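Hello,

Here is the structure we talked about. Please open it first, then read my notes beside it.

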Amino acid sequence: MHALLAASLALTSLPASATQAAAVDCARVKCLALTFDDGPGKDTPALLKALSKAKAKATFFLVGKRVEERPEVARQIVARGHAIGNHTYSHASLPAHSDNEILDELKVTQDVIEEVTGRRPTMFRPPYGQTDERVLGLAGQTELAQILWTGTTLDWSLRDTKKIKAAVLKSAKRDGVILMHDVVPQTVRVMPEILKELKKRGYHLVTVPTLLRGKGPTPGESYF
Ligand SMILES: [Zn+2]
């Protein structure tokens, strides 16, 4: 009986103490990764406030030239504990370009992000989701993993808070990755409501690396 009691105490008390120091363990709890592409934009600071208020972490795939325009916002994203990734310098559709052009799009963005935030991304997301084996190989050479998604909201086309909220909630699932855009004002505006509902449904909102649970991101690999 004492042994059983000790075992049950260990089961209930160990995870709680372990997760306080480390990140959320998505093997144990229901996780979801919210991702925001194309920023930083003018509404990104409002989004950061909403995320902080909800104690939610997210992943931002940054466009190099927009980081140059809003370096302070890029720094804020990192300072608040969110993950960042490379979304090319000019939001180019990569498969249409030569090897050297693709490497330029990725490397210049790596340099800009590192210079501004002090962090060199380990993840990239191809603009428009357009990619192929050649792009993935070149990303590997740039020490980047490719991160796609499990659910897209088409927020850039919906431009309606109610429809965006419904699309996010419909595509939310355990260990899912939701694609949104922090440059769509309606997405930012409705985010407090979305966060509230997702938390009500038991989701822990985490970064992509936390979702990968140490099994990545590995350069040259594609995820989701
Ligand atoms: Zn994009």
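The largest pocket holds about 230 Å³ of space. A pocket here is an open set of points on a 1 Å grid over the protein atoms alone, where a 1.4 Å probe fits, with protein on both sides within 12 Å along at least five of seven lines. Its volume is the space filled by probe spheres set on the points, which are joined across faces, edges and corners. Lining residues have an atom within 4 Å of a point. There are 14 of them in the largest pocket, and Y128, G129, W156, L179 and H181 are the closest to its centre. By class, this lining has six nonpolar, five polar and three charged residues. (Ala, Val, Leu, Ile, Met, Phe, Trp, Tyr, Cys and Pro count as nonpolar; Asp, Glu, Lys and Arg as charged; the others, Gly among them, as polar.)

This is a predicted model: local features need pLDDT of at least 70, side-chain atom pairs count only at pLDDT 80 or more, and totals for chains, interfaces and linings use all residues. Residues are numbered from 1 along each chain as its sequence is written, and side-chain values use heavy atoms, with hydrogens and water left out.

The second largest pocket has a volume of about 170 Å³. Its lining includes H82, R119, R120 and M123. Six nonpolar, four polar and two charged residues make up that lining.

Next, look at helix α9, residues 185–200. Helices are DSSP runs of H or I with at least four residues, strands are runs of E with at least two, and both are numbered from the N terminus. Where does α9 bend? The bend is at M191, by about 50°, and a proline, P192, follows within four residues. That angle lies between axes fitted to the seven residues ending there and the seven starting there. The buried residues of α9 include V190, M191 and I194. Buried means under 20% relative accessible area, exposed over 50%, and partly exposed in between (1.4 Å probe, protein chains only). After α9 comes G202, with a positive phi near 90°.

Now the loops. Between β1 and α2 sits D38. D38 is not a glycine, yet its phi is positive, about 85°. D38 counts as buried because its relative accessibility is 11%. The loop between β1 and α2 also holds P40. The peptide bond from G39 to P40 is cis, with omega near 0°.

K55 lies between α2 and β2. Its phi is positive too, about 55°. K55 is exposed, at 73% relative accessible area.

Best wishes

Terms used
The expected span of a helix is 1.5 Å times one less than its number of residues.
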